[in-house]
Amino acid sequence: MQTILVTGGTGFIGSHTCVELIQAGYDVVILDNLSNSKESCVDRIKEITGVGVKFYKADLLDLESTKRIFDENKIDSVIHFAGLKAVGESVEKPLEYYENNIGGTINLIKAMRDANCKSIVFSSSATVYGVNNKVPYTEEMTTSATNPYGYTKVMIEQILNDMTVSDKDWSVVALRYFNPIGAHESGLIGENPNGIPNNLVPYIAQVALGKLEHLRVFGDDYETPDGTGVRDYIHVTDLAKGHLAALEYAAENKGFQPINLGTGNGSSVMEVVKAYEKACGKNIPVVVTPRRAGDIAESYAETSLAKKLLGWEAKLDISKMCEDSWNFTMKNPEGM
Ligand code: WQD
């Protein structure tokens, strides 16, 4: 049985990926510093799968603790989610983002190399397409960034690419996520941000709960069908299944391979609001405000490479994403 180390495994995408890994027959070890998640998530994963996972409360910035995990477990591959991910916060705290995301990844790679574990699936982001590429985004487009968070993703992809050049035994798949939303259909795990959510759907969920008064729509003057921002929303369970396919691909293929994980379809802010209203049976009041700094009009994936290399495509639609998000929110009004 293959053992997979999941860094950031108690987080939103990490926890959903752990569930799919366990149900596919993998052994899972989680490393998480709990800076943006709770240890109770480990129990939720066990409640869903009936299987316990080994959990290490550890920080990738602590190289010795990271190495110890490889000493105590024979890790076959790593799925690397751990990292800070708030765009706005990264502008205010660039040093924390560079140290945590890049420094943490460098320590992880050192520990992997010393343990002769050379297979990694990296949690990258469509944010690496920057503002100069045209939608739909394809993997050979140049990468760039407009904020420190985005630069950490661009730089970590470069570091991992360089590892595969310096040592031909390394297998790296950089999964470029579009906009992950929704929750496991059990409602036991889901998106559980600390404080006021930055992202659209968790914010709408709080409005639906009555905890926030209305949704601010950040601009309705974009060159899009209804003037509001268009994004490629993907169900977190589809995304998690994409990681299993990427692990299998990495087991058979050396080298560096970026792959988009999206649906290929764009939905506007107002289309998501309408889908959420249908899912929760409530009205979501909106107030149109000026655009949010750094936002682009449209972002959605060209998805043929994932289909070709991984045999994977997203299957769940925006209605199911909103229904599962609302189901989790109703069952966890105070979060997990
Ligand atoms: C989606 C749309 C907003 C909130 C970011 C990161 C990306 C990834 C996902 C980490 C946009 C609009 C939002 C609100 C709104 N994160 N919006 N009111 O900005 O596409 O992507 O999160 O990996 O890397 O860049 O996601 O959910 O913040 O915004 O009108 O209160 O909703 O303008 O059009 P985004 P988002």
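Q: How do the residues of the shell around the ligand divide into nonpolar, polar and charged?

A: Before we start, please keep in mind that this is a predicted model. The shell is made up of eight nonpolar, six polar and five charged residues. Of the 19 residues around the ligand, those that come nearest are Tyr-149, Leu-200, Arg-216, Arg-231 and Asp-295.

Q: Which strand gives the most to the shell around the ligand?

A: That is strand 8, covering residues 215-218, which contributes four residues to the shell.

Q: Which polar side-chain atom lies 2.7 Å from an oxygen atom of the ligand?

A: To read such a contact, look for a pair of N or O atoms within 3.5 Å. Here a polar atom in the side chain of Arg-231 is 2.7 Å from a ligand oxygen, and in the side chain of Ser-125 an N or O atom is 3.1 Å from an oxygen atom of the ligand. With Arg-216 it is a backbone N or O atom that is found 2.8 Å from a nitrogen atom of the ligand. As for how much of the ligand is covered, the ligand taken alone exposes 680 Å², and the protein buries 88% of that.

Q: In what order do the seven strands of the open sheet run?

A: The general idea is that strands of a sheet pair through backbone hydrogen bonds, either parallel or antiparallel. In this structure the seven strands follow the order 3-2-1-4-5-6-11, with parallel pairing. At the edges are strand 3 (54-57) and strand 11 (255-261), each of which pairs on one side only, and from one strand to the next the twist averages 20 degrees.

Q: How many bridges join strand 2 to strand 3?

A: Strand 2 (residues 27-32) runs parallel to strand 3 and is joined to it by four bridges, and Asp-32 has Lys-57 in strand 3 as its bridge partner.

Q: What is the pairing in the open sheet of three strands?

A: The pairing there is mixed, and the strands stand in the order 12-9-14. Strand 9 (residues 230-231) and strand 14 are parallel and share two bridges. Arg-231, which has a polar side-chain atom 2.7 Å from a ligand oxygen, stands opposite Ser-299 in strand 14.

How values were computed. Residues are numbered from 1 along each chain as its sequence is written. This is a predicted model: local features need pLDDT of at least 70, side-chain atom pairs count only at pLDDT 80 or more; totals for chains, interfaces and linings use all residues. Side-chain values use heavy atoms; hydrogens and water are left out. A residue is near a molecule or strand if one of its heavy atoms lies within 4 Å of it. A polar contact is a pair of N or O atoms within 3.5 Å; within protein, one must be able to donate a hydrogen and the other to accept it, and residues adjacent in sequence count only if both atoms are side-chain atoms. Accessible areas come from the Shrake-Rupley method with a 1.4 Å probe; for residues, only the protein chains shown count as cover. Ala, Val, Leu, Ile, Met, Phe, Trp, Tyr, Cys and Pro count as nonpolar, Asp, Glu, Lys and Arg as charged, and the others, Gly among them, as polar. Two strands pair if DSSP finds at least two bridges between them. Axes are lines fitted to C-alpha atoms, for helices over the stretch in contact, and angles run from 0 to 180 degrees between N-to-C directions.
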